[in-house]
Amino acid sequence: QKRASSNPRQYNSSRNNHNRNYEPRGHSQSMEEIKRVQLSLPVYKHKQEIKDKVMNNAITLIVGETGSGKTTQIPQYLLEWELISPSSRIVCTQPRTVAAIGVAERVAEEQGQSKVGDGKVGYHI
């Protein structure tokens with residue numbers, strides 16, 4: 001996930017040298033359903049603790065079960081906090097192209113963005 005002060009760009013694989021906007025896959029969830037899911041994720045219980053650790057340490061390593069919300073929720077928590085300036089970049093790494101695209105699509109949807117690359121959320125392969 002990539003956040004930039006200006007229009008974030010999204011890139012397709014380096015094998016395809018062109019930019020492209022992707023519509024989120026599947027049907028879009030309502031904001032109420034998204035919020036319900038966010039609040040039910042295990043990482044939500046640790047939101048303040050994560051904030052405190054990030055604020056008080058140069059490096060913070062967060063380990064959790066698959067599906068706990070580490071990748072999709074923590075970057076969004078950082079966006080909410082006043083210590084993050086508009087020019088800050090929050091970066092999430094993923095081992096596979098399809099995972100990077102999927103995470104970016106999910107976070108963009110949760111942020112109310114219609115397409116990846118049209119707002120705060122983008123990706124780079």
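The following dialogue discusses how to read several features of a predicted model.

Colleague: Which conventions apply to this predicted model?

Modeller: Residues are numbered from 1 along each chain as its sequence is written, and side-chain values use heavy atoms, with hydrogens and water left out. Local features need pLDDT of at least 70 and side-chain atom pairs count only at pLDDT 80 or more, whereas totals for chains, interfaces and linings use all residues.

Colleague: How many helices and strands does the secondary structure of the chain hold?

Modeller: Helices (H or I, at least four residues) and strands (E, at least two) are DSSP runs, numbered from the N terminus. Here there are four helices and zero strands, in the pattern α-α-α-α along the sequence.

Colleague: What share of the residues in the chain is buried, and how many residues of α3 are buried?

Modeller: Buried means under 20% relative accessible area, exposed over 50%, and partly exposed in between, with a 1.4 Å probe and protein chains only. Of the 125 residues in the chain, 35% are buried. In α3, eight of the eleven residues are buried, so this helix is largely enclosed by the rest of the structure. Among them are T72, I74 and L78.

Colleague: Against which helices do the buried residues of α3 pack?

Modeller: A contact means heavy atoms within 4.5 Å. By that criterion, they pack against α1 (31–40), α2 (47–56) and α4.

Colleague: How is a pair of aromatic rings described?

Modeller: Such a pair is described by the distance of the centres and the angle of the planes. Rings of Phe, Tyr and Trp (its six-membered ring) pair if their centres lie within 6.5 Å; planes under 30 degrees apart count as stacked, over 60 as edge-to-face and the rest as tilted. The structure holds one aromatic pair. The ring centres of Y77 and W81 are 6.4 Å apart and their planes are at 40°, so the pair is tilted. Both Y77 and W81 are buried.

Colleague: Where is Q113 placed, and is Q113 buried or exposed?

Modeller: Q113 lies in the segment after α4 (97–110). Q113 is buried, with a relative accessible area of 13%. A polar atom of the Q113 side chain lies 2.9 Å from the backbone nitrogen of V121. Not counting residues up to four places away in sequence, Q113 touches A108, D118, G119, K120 and V121.

Colleague: Among contacts in the chain between residues at least 6 apart in sequence, what share joins residues at least 24 apart?

Modeller: The share of those contacts is 70%.

Notes. A polar contact is a pair of N or O atoms within 3.5 Å; within protein, one must be able to donate a hydrogen and the other to accept it, and residues adjacent in sequence count only if both atoms are side-chain atoms.
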